[in-house]
Amino acid sequence: MSSWYDTWADRYAESSTGVSADVPFYVGLALEADGPLVELAVGTGRVAIPVAQATRRLVVGIDSSRGMLAQARLRAAEQGVDLDLREGDIRELELEEPAALIYCPGRSLLHLPTWADRRRCFERVAASLLPHGRFAWNAFAFDHHIASAIDGQHADANTGVPLPHTNHYSVSDNRVDITLDDGGTGSLWWATKNEWLGLLDVAGLRLEALYGGFDGEPLDDDSREYIFVARR
């Protein structure tokens, strides 16, 4: 995963244009947190920088991609923001002090391919939270209509896509592969609502809220996004 992101870290901002709806949501959680803030899969700091700006507090950001972390350092410096950026595997999360809020935006937990990987991550999160501390993340809800429409379809610069690519779905493996035209393939492994709830259960976390949108919309049959908030 990290090597794939390393190859286009300097262009990540282009690909994330228009996906900023999650920022106010995570900023809101951070403003309510009484203690350390930690972002998993911090990437280029797309969310961590506005969180740090709004809270005026240090945000610890963890990512396995050196290229992404380099961009985060550059962007944080440009904005005059201090981030504690660390290279690491979110499945092996270890903190010097427990956090009031750990969050993982941008569907990044979908990069963990197996139940064991996700269970390890959730267990490490639970162990790293203060009592009653929060864990929040979002992930897409698999939609077979969307998958069938874009499977094998090429999206190029002529359609306004900043990073031309082709998507391929492996339904039996719950996986979508995104292959960039200029090389490299990244994969996401989707999960059902009950799989996410099962991970909370085995990690000893309790569900506080489950939304279908970042404005607090209830999850219903038409929701295409899961937004989870859990507590230790």
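1. β6 and β7 (residues 165-170) are joined by 2 bridges and run antiparallel; within this pair, Ala155 has His165 of β7 as its bridge partner. Strands here are DSSP E runs of at least two residues, helices are H or I runs of at least four, and both are numbered from the N terminus. Two strands count as paired if DSSP finds at least two bridges between them.

2. A word on the source: this is a predicted model, in which local features need pLDDT of at least 70 and side-chain atom pairs count only at pLDDT 80 or more, while totals for chains, interfaces and linings use all residues. Residues are numbered from 1 along each chain as its sequence is written, and side-chain values use heavy atoms, with hydrogens and water left out.

3. That pair belongs to an open sheet of 4 strands, ordered β6-β7-β8-β9 with antiparallel pairing. Its edges are β6 (154-155) and β9 (185-189), each pairing on one side only.

4. Do look at β11 (residues 225-231), where 6 of 7 residues are buried (under 20% relative accessible area; exposed is over 50%, partly exposed in between; 1.4 Å probe, protein chains only). β11 pairs antiparallel with β5 (residues 129-140) through 7 bridges, and Arg134 stands opposite Arg231. β10 (residues 206-211) also runs antiparallel to β11, over 5 bridges, with Leu210 partnered to Phe228.

5. Helix α4 (residues 48-55) is mostly covered too, with 6 of its 8 residues buried, among them Ile49 and Val51. Just after α4, Arg56 has a positive phi of about 55°.
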